[in-house]
Amino acid sequence: MGAIGGFCHLYIGRKRSSVGMQMALKKGDQVITGYRDHGHMLAAAWRAKGVMAELTGRHGGYSKGKAASMHMFSKAENFYGGHGIVGAQVSLGTGLAFANRYRGVTTLSA
C-alpha cells in the first residue's frame with residue numbers, strides 16, 4: 001500500500017527468538033540486534049503505536065520517524081538499535097559490554 005517507505009524487513013516466522021530473549025532479560029539489561037528490530041520492540045511490550053509511527057516515517061515514532069524497520073533506537077529503554085550491516089551488532093554489543101565493565105555495571109544481556 002506504500003505506507004512504509006524504503007525497505008520493510010518483516011518479522012514473519014521470527015517472533016519466537018525475540019519473545020524468548022525478552023523472557024530471559026532482567027530490568028536494566030541492554031539489547032542490540034540486527035535489522036527487523038521492530039519485532040523486538042513489540043515483544044518488549046513497547047507501544048505498538050510508536051513502532052507503527054516509526055515504520056511509517058512519522059515524528060511520533062521511537063526514533064522520530066527516521067529509522068524505518070532497521071534502525072530503531074531508545075536509550076531510555078536500553079535498546080541500542082538494529083543494524084543493517086550483517087554482524088555490525090556484534091562489535092557494537094562488545095563495545096557496550098566493555099563500556100559497562102569499565103563503569104562497573106554488572107547486568108548485561110545479548
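# Reading a predicted chain: turns, rings and burial

Me: How should I read a positive phi in a residue other than glycine, and where is one found?

Reply: The general idea is that most residues other than glycine have a negative phi. Ala-45 has a positive phi, near 65°. Ala-45 sits in the loop between α2 and α3, and with 68% relative accessibility it counts as exposed. Asn-78 also has a positive value, with phi near 60°; its place is the loop between α3 and β2.

Me: Which elements does the chain have, and in what order do they run?

Reply: From the N terminus on, the order is α-β-α-α-β-α. That gives four helices and two strands.

Me: How do I read an aromatic pair, and how many does a search of the whole structure find?

Reply: Two values describe a pair of aromatic rings: the distance of the centres and the angle of the planes. Searching the whole structure gives four such pairs. One of them joins Trp-46 and Phe-79, with 5.6 Å centre to centre and 75° between the planes. Planes over 60 degrees apart count as edge-to-face, so the pair of Trp-46 and Phe-79 is edge-to-face.

Me: Which parts of the chain does the pair of Trp-46 and Phe-79 tie together?

Reply: Trp-46 belongs to the loop between α2 (37–43) and α3 (48–55), while Phe-79 belongs to strand β2 (residues 79–83). The pair therefore ties together parts that are 33 residues apart in sequence.

Me: Is Trp-46 buried or exposed? And Phe-79, buried or exposed?

Reply: Buried means under 20% relative accessible area. Trp-46, at 10% relative accessibility, is therefore buried. Phe-79 has a relative accessible area of 4% and is buried.

Me: What is the arrangement of the pair formed by Phe-98 and Tyr-102?

Reply: Phe-98 and Tyr-102 are stacked, with 6.3 Å centre to centre and 25° between the planes. Both residues lie in helix α4 (residues 88–103); because they are four residues apart there, about one helical turn separates Phe-98 from Tyr-102. Phe-98 is exposed, at a relative accessible area of 59%. Tyr-102 is exposed as well, at 70%.

Me: Which residues do ring pairs link into a cluster?

Reply: The cluster consists of Trp-46, Tyr-62 and Phe-79, linked by ring pairs.

Me: Which residues of α3 are buried, and what covers them?

Reply: Gly-50, Val-51, Ala-53, Glu-54 and Leu-55 are the buried residues of α3. Their cover includes α2.

Me: Where is Ser-63, and what does Ser-63 touch?

Reply: Ser-63 lies in the loop between α3 and β2. At 17% relative accessibility, Ser-63 counts as buried. Leaving out residues up to four places away in sequence, Ser-63 touches Glu-54, His-71, Met-72 and Phe-73. Glu-54 is itself one of the buried residues of α3.

Me: Is His-38 buried or exposed, and how many residues separate His-38 from Ala-48 in sequence?

Reply: His-38 is part of helix α2 and is buried, with a relative accessible area of 7%. Ten residues in sequence separate His-38 from Ala-48, and in space the two are 9.3 Å apart, C-alpha to C-alpha.

Me: What share of the contacts with a separation of 6 or more joins residues 24 or more positions apart?

Reply: That share is 54% in this chain.

Me: How many positive and negative side chains are there?

Reply: There are 14 positive and 4 negative side chains. The centres of the two sets lie 1 Å apart.

Methods: Residues are numbered from 1 along each chain as its sequence is written. This is a predicted model: local features need pLDDT of at least 70, side-chain atom pairs count only at pLDDT 80 or more; totals for chains, interfaces and linings use all residues. Side-chain values use heavy atoms; hydrogens and water are left out. Rings of Phe, Tyr and Trp (its six-membered ring) pair if their centres lie within 6.5 Å; planes under 30 degrees apart count as stacked, over 60 as edge-to-face and the rest as tilted. Buried means under 20% relative accessible area, exposed over 50%, partly exposed in between (1.4 Å probe, protein chains only). Contact means heavy atoms within 4.5 Å. Lys and Arg count as positive and Asp and Glu as negative; His and the chain ends are not counted. The place of a charge is taken as NZ of Lys, CZ of Arg, CG of Asp or CD of Glu.
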